[in-house]
Each structure stands twice: as structure tokens, then as C-alpha cells.
Amino acid sequence: MKLSVWTYEGPPHVGAMRVATGMTGLHYVLHAPQGDTYADLLFTMIERRNHRPPVSYTTFQARDLGSDTATLFKDAARDAYERFQPQAMIVGASCTAELIQDDPGGLTEALNLPIPVIPLELPSYQRKENFGCDETFFQIVRALALPMERTPEITCNLIGPTALGFRHRDDVEELTRLLSDIGISVNVVAPMGSTPADIARTGAAHFNVLMYPETAEAAARWCERELGQPFTKVVPIGVGATRDFLAEIATITGLPCKADESRLRLPWYSASVDSTYLTGKRVFIFGDGTHVAAAARIARDEMGFEVTGLGCYNREMARPIRALAKDFGVDALITEDYLEVEDAIRELQPEMILGTQMERHIGKRLGVPCAVISAPVHVQDFPARYSPQMGFEGANVIFDTWVHPLVMGLEEHLLHMFRSDFEFHDDAGASHHGGAATARVEDGGPAPQTPRSLPAEMKEEAQVIWLDDAERELRKIPFFVRGKARRNTESFAARQGVSEISVDTLYEAKAHYAR
């Protein structure tokens, strides 16, 4: 564990909270100090939920450490049951409380509560949030799910969606609609939207759809082993993956799984004339393993992008992501350090980033457009509108989401290109006011120049100054290659012993690198 300004995943008890918050009728009693209640804000502020998570904290303070903290926990568990009357309860400790070793499971068992109490052993200093989701849901399923007779018609369970998940709410709706089109009903969606009673009847379904391996693979494997329920391996994000998903279901069920593709627009849009400028765009992909693998396939096979680098932050997915990177001919980046990700992006110089909110901030700093494809995300990626990632409608949403920053970047480039025009310069009024546009007033002299340090890889200690005319000319270069043009010119100038870059230097550098 280390102190970090940003982190891709919280500690595992946050994963347990995501499972509990997605369910109803389940309560989580968390042995934690007062400061750990910050996690509530993840759900009420970022996900914009209209109610607090079903979590009770012991909220012990420093002065309590010299007394009996075990009594504090037992009182909190007893009070939570009497106040909320849940169908079941999960109990555990936060990373701080884990050091006290009070054994929440044993303490709650001694209370003899008349409901199932499921203890969680989450190693806070070895594992992270996604493991907390996966382990918590697995323990709930193992404790509550029962073998039972299958439903007369073919049904499935959708497993994996949680609170605070990236578009999980809309993915559930899209998959439910897709499965309905091929004659399959959904028995239970879990953990999101389920109750402990729903978990008990998961065994009635014929198979499980594993939506997100990060949060439900352990439960899916337990159900396959103990309840005889096969589960899907293909995550239906993208056109090709959705078709493969339907083919996999056909193999499991024996049904002719042909879905209605009339709503699908991505293939034609990506092949249409106004989208051809996307072909060959160099993209860097980073996020959780599931969404990175899906995005890489879409980027290369369905959008015509070139994947220059990819990686994930959850080490549980390191092996499949390394195998995928080898297939793409790139090196996999497996790290929890956003600074390493930023260094990789700076080195690879992609024209677009597909990542998390971390990469969105990195892209802003580096001047590279970014589309968010994976958690962690901020409030704007919990939209009020229907915006899935899975299924055919999800493919349409992905096309719009990925193309938008490129189109806006092109618009920005055009505005820069015509900045000296009488209508578009910074001093002009809004262009739609027509005659209200004013002529540009030059300031009468060159702006003071700030020396720029050369790139770190340059051995020379010299500094370079960009002259005004060269800066103006540089701004005419499209945004997605402007950074590379600047670096190449500075490298060329250093080798030539030039300390001031003029328009001539810029074009000499261009000719040099074009050879």
C-alpha cells in the first residue's frame, strides 16, 4: 500500500460496498475508523444514487483503541439488524481495522442473529477493489444459492453488474433485450438489483451470462461446479464480440440464436466516407482487463485504428492482457501507477487514448484526445440517458463516444488554422453576428519568448526558443501530430546547433524527417 494522488482501485472493502449497494435486503457492517466513511460519496456524488449505501460503520476513534473495540463492533451489528431488518448481512473490516484483528465474523456469530451472516476475509494489503467485488459476490452465492429444478423454459442469470460499475445499469437492459430477441428470459440479475432471496434461486437458470469477469468469475465457476450451470466466456462488447456471444449461447442452449441487427449502425458508419479519416489512427488503450480486451478488438477490427499500446491496472487480468498484447505486436503495460501510464503515452505519441478518467486527465495535459472506456470514471460517465457498452446498441454508443473527441479535435484544428482570419481571430465577436466582427489589433511587437527545455532523451543541455512566426506556423499543423512535429523540430534544431526556431527551421526539419 502506498500514498497516491490518484488510484485506479480502492481497497477491497470498497468492492464489497459496491456489491452491497447494488443489492437490496442485504446490509454490510464494516469495522472501520471514522475516516473510512468517505466511501459513501463514491455512490451518492459520483454515481448520483438517491440513497446511501446499506453500510453501517463502527467508526471507532483513536481513544477507542485503548478499550474494547470488539464490543463496538457487536453493538454496531446488533443495531444494524434491529434498525434495517435485512434478509442477510455481510461483515468485515476495512484496511485500517484489519490491523486490530477483532474477527468480525466470529463476533457476529456470537450474536446468534436470525438471518444468514456472511463473513468476509478481504486481504486489504495484498488485493484491491475488483477482487473485493469478486470475493464478496462469491461468498454470498456460496452461502445462499441452492440446487433446484430448472425453469421449464430456457433462462439465464446475468451475473457481475455492481454499483459504481461502468455503464452496468444500461448493459443489463441491453442484454436483457438481446436475450429476449432470441427467446431467452432472465431468471436473476445479480448482484445489482437482486435480493438475498433472488440469490437463493439462481440455481433455477439453465446457464449464467458472465458479464464482467473482474466481479463475478469466482461465483460463475462455483455455480458451474456445484449447480451444473455453464457460463459464457465471451463478453459482448463490440459487433464481432456480440455475434460471437450469440453463437456461444447457441452452442450452450441448442437454440438458433439470430438477433435483430436492424439497430446496428457501427459497421456502416465506420466504413462511410466521412469516417475514413479515422482509418489508421494510432490509439493507446488502458483500463480494466475486460474493457481493454474488448476495446482493442473494436479498435483494430471494427474501426480501422492501429493499436500502439495497451495495458490494464488489475493484476488479476495480467495474463490474458499480456497474451492479447503479444497478438497485437505490442508490449503490455500492467501497472497501478498512473505516472507510468503517462510516461508510456508520452513515449508512444498516440493520436487518441482509450482509457479511464485518469487517462482523460493525462490526455488533457498532453493535448491528446481521449474517450473513456472503463472504470474508474467520474460523474459525467454516469449519464441520465441510455448509454450501454454491450450489445448492438452498445456498439453504436461506442462509435459515437470514440469519434466525438476526434471530430471535436478536428474542429479545434480548423479554428487554430484560421485564427488569423478576420472572422475567427480571438478578438472577433461570435461569427454568427456577421457584421459585428472586428478587425484584429496587433500588439505591435513580438511576445516574450519562454525557453523550452529539450526532450529528456536529448543529451545536449541547450535550450530552444520558438519564434513567433514559427509558433503560428506550428499551430496550423493538425492537433494529433502537432506534439510530434514540435519534438522532431526541437531534436533537429539541437543536432544543428540552432537555439532559435524559425519558420525555415520548421520546414527544414519537416524535409529532414520526410526523407
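The side chains of R300 and D301 meet in a salt bridge, with 2.9 Å from N to O, a salt bridge being a side-chain nitrogen of Lys or Arg within 4 Å of a carboxyl oxygen of Asp or Glu. Both partners are partly exposed, R300 at 36% relative accessibility and D301 at 47%; here buried means under 20% relative accessible area, exposed means over 50%, and partly exposed lies in between, as computed with a 1.4 Å probe on protein chains only. Salt bridges that share partners also join E342, D343, R346 and R365 into one network.

The model is a predicted one, in which local features need pLDDT of at least 70 and side-chain atom pairs count only at pLDDT 80 or more, whereas totals for chains, interfaces and linings use all residues. Residues are numbered from 1 along each chain as its sequence is written, and side-chain values use heavy atoms, with hydrogens and water left out.

The chain contains 18 helices and 15 strands, where helices (H or I, at least four residues) and strands (E, at least two) are DSSP runs numbered from the N terminus. Of the 515 residues in the chain, 54% are buried. Among contacts with a separation of 6 or more, 71% are between residues 24 or more positions apart, contact meaning heavy atoms within 4.5 Å.

In the whole structure, the search for salt bridges finds 23. In general, side chains of opposite charge can pair when their charged atoms come close. Because E217 and R221 are 4 residues apart in helix 8 (residues 213-226), about one helical turn separates them. E217 counts as partly exposed, at 24% relative accessibility, and R221 is likewise partly exposed, with a relative accessible area of 41%.

A further salt bridge links R297 and D244, at 2.9 Å from N to O. R297 lies in helix 11 (residues 289-302) and D244 in helix 9 (residues 239-253), so this pair ties together parts of the chain that are 53 residues apart in sequence. The relative accessible area is 30% for R297, which is partly exposed, and 36% for D244, which is also partly exposed.

E342, a member of the network that also includes D343, R346 and R365, is found in helix 13 (residues 338-348). With a relative accessible area of 9%, E342 is buried. When residues up to four places away in sequence are not counted, E342 touches I362, R365 and L366.

Packing between helices was examined next. Two packed helices are described by the angle between their axes and the distance between the axes. The axes of helix 1 (residues 12-22) and helix 5 (residues 129-144) come within 6 Å and cross at roughly 50°; axes are lines fitted to C-alpha atoms, for helices over the stretch in contact, and angles run from 0 to 180 degrees between N-to-C directions. Helix 1 and helix 5 are therefore oblique to each other, since angles under 35 degrees count as roughly parallel, over 145 as roughly antiparallel, 65 to 115 as roughly perpendicular and the rest as oblique. The contact involves P12, V14, G15, A16, R18 and V19 of helix 1, together with E129, N130, G132, C133, T136, F137 and I140 of helix 5.

S94 is found in the loop between strand 3 (88-93) and helix 4 (104-109), and is buried, with a relative accessible area of 0%. Apart from residues up to four places away in sequence, S94 touches H13, L30, H31, A32, P33, D36 and S124.

H206 is found in the loop between helix 7 (196-200) and strand 7 (207-210) and counts as partly exposed, at 25% relative accessibility. Although H206 and R150 are 56 residues apart in sequence, their C-alpha atoms are 6.3 Å apart in space. Leaving aside neighbours within four places in sequence, H206 is in contact with residues including R150, T151, E153 and Q229.

L255 is found in the loop between helix 9 and helix 10 (266-271) and is partly exposed, with a relative accessible area of 26%. The C-alpha atoms of L255 and G183 are separated by 8.5 Å, the two residues being 72 residues apart along the chain. With residues up to four places away in sequence not counted, L255 touches I154, I182, I184 and A250.
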